[in-house]
Amino acid sequence: MSDSQARSAAYGPLPADTTEDVRTRGANVSRQVAVLPVGSFEQHGPYLPLATDTLVACAIAREIAAAYPVHLLPPVTISCSHEHAAWAGTVSISSVTLHSVIRDIAASLRRSGVEALVVVNGHGGNYVLGNVVQESSSRGERMALFPTAEDWESARERAGVVTSLLTDMHAGEIETSILLHAHPEFVRPGYETSDFVADDRRHLLTLGMSAYTDSGVIGRPSLGSAEKGKALLESLANSFGPYVALLTSDEDSSGSGDSVRG
């Protein structure tokens, strides 16, 4: 098996590294960087699975791991999905709990010699992740949040995604495209006819998603394609380079950002 095939096999649904793999990789870099996908378990309309955000975060993280010598972690699969509570199947934990989980993981990594952590966020409702990164950075710890709105915007433009980030809020063109590429077996019929736009969502935090959509969809999934999904992931992997450089440099790091995916 070639090295590229070995890395591909190691980054399936869950990381397949052994402790020796991690030790060997760490010996070849100046500072180890761990990548933690954080998803959610929430409704994504009638055609995408509840685990969509986790699948998206893992797809991004696998693309990163194929391009950079990072320590890929298994995903956090339940997070802050309170705005989706009106739909069956949605499960949430509190922001306090998620905050603690990320801090505990980062502390455990540091004890094992992995100094830097990048949180790959697949769910826009995980606002607390930005606070975790800011607080950790202020203490001199090396942490970043990826992708930022700027990273998503670059990926959207490079992939030819038509829908704006404002309109493509949930189960829309971007998420449907990534799953059509990375996990087409999980995409059910119906995305072709489920477009729904609700750009003015100023009371979302107070009223939840059900005040703005009956189907649970806000975006244009009909425009999704596997080709766009592939291009989105490739662009995000390219955007990750500066994060590695920042977190492995000898200067103090203060990486943070906001994820905008729903």
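Tutor: Let us look at Ser239, which is found in helix H9, where helices (H or I, at least four residues) and strands (E, at least two) are DSSP runs, numbered from the N terminus. This is a predicted model, in which local features need pLDDT of at least 70 and side-chain atom pairs count only at pLDDT 80 or more, while totals for chains, interfaces and linings use all residues. Residues are numbered from 1 along each chain as its sequence is written, and side-chain values use heavy atoms, with hydrogens and water left out.

Ser239 counts as buried because its relative accessibility is 16%; buried means under 20% relative accessible area, exposed over 50%, and partly exposed in between (1.4 Å probe, protein chains only). Leaving aside residues up to four places away in sequence, Ser239 touches Phe146 and Asp151, contact meaning heavy atoms within 4.5 Å.

Phe146 in turn touches, among others, Ile60, Ile64, Phe240 and Tyr243, again not counting residues up to four places away in sequence. Of the 40 residues in the largest nonpolar core, Ile60, Ile64, Phe146 and Phe240 touch the most other members; such a core is a set of buried Ala, Val, Leu, Ile, Met, Phe, Trp, Tyr and Cys residues joined through side-chain atoms within 4.5 Å. Helix H3 (52-67) is one of the elements that each supply at least two residues of this core, and H3 gives the most, with 8 residues.
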